[in-house]
Amino acid sequence: MFGRNDAKSHPARAAKTDATPRNGHEPSAAAATLLTIVGQQARVEGKFEIADSIQIECEVGGELTVGGKLVIGEHGVVTADVRTVDAVIKGRYDGNMVATGNVEITATGRVSGNIETDCLVISQGGFFNGNVAKIREHDAMSGPRPVHLVEDKRVGAQK
């Protein structure tokens with residue numbers, strides 16, 4: 001089902017592998033492939049193990065293990081427990097996520113559930129309802145971490 005690129009016979013199940021980077025340069029050996037699942041009416045459910053990165057533009061339920069980056073597109077709806085390296089959520093996500101890298105919830109992203117990650121970024125307009133935990137607890141126990149101000153105006157800046 002996922003190895004097929006026959007959008008004419010099954011447009012709701014069209015999947016493609018896109019190794020061409022958007023910057024116009026040839027892909028390097030380290031460039032990750034991006035599997036894309038597209039289909040406005042498509043719904044897939046099960047246990048998925050993806051070695052590289054994946055972009056989802058349909059409904060997916062079950063369990064996802066992603067070896068690279070998980071991108072939930074604006075039309076994507078994922079109701080699953082997820083283990084991934086990085087995640088960018090532009091659509092809807094419900095479930096528990098463990099991400100060893102970064103998680104970004106964009107302005108159009110809607111998340112309900114628990115996230116365990118090293119770094120969480122929520123853009124203005126993004127929605128998050130749940131709990132977040134730092135994945136590397138031993139770093140927090142090693143002592144106080146420095147605080148860096150983004151804007152002096154935000155945190156009691158001296159005048």
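A salt bridge is a side-chain nitrogen of Lys or Arg within 4 Å of a carboxyl oxygen of Asp or Glu. The model is predicted: local features need pLDDT of at least 70, side-chain atom pairs count only at pLDDT 80 or more, and totals for chains, interfaces and linings use all residues. Residues are numbered from 1 along each chain as its sequence is written, and side-chain values use heavy atoms, without hydrogens and water.

**Exercise 1.** Find how many salt bridges the structure holds, and which residues form a network of them.

Solution. 
- The structure holds 3 salt bridges.
- Arg43 pairs with Glu45 at 2.9 Å, N to O.
- Glu59 also meets Arg43, at 3.7 Å, N to O.
- Glu59 lies in strand E3 (residues 53–66) and Arg43 in strand E2 (residues 34–50), so this pair ties together parts 16 residues apart in sequence. Strands are DSSP runs of at least two residues, numbered from the N terminus.
- Lys134 forms a salt bridge with Asp118; their closest N and O atoms are 2.6 Å apart.

**Exercise 2.** Decide whether Thr117 is buried or exposed, then trace the polar contacts of its side chain.

Solution. 
- Buried means under 20% relative accessible area, exposed over 50%, partly exposed in between (1.4 Å probe, protein chains only).
- Thr117 has 3% relative accessibility, so Thr117 is buried.
- A polar atom of its side chain lies 3.2 Å from the backbone oxygen of Ala99.
- The side chain of Thr117 also reaches the backbone nitrogen of Cys119, at 3.3 Å.

Notes
Polar contact = N/O pair within 3.5 Å; in protein donor to acceptor, adjacent residues only side chain to side chain. Helix = DSSP H or I, 4+ residues; strand = E, 2+ residues; numbered from the N terminus.
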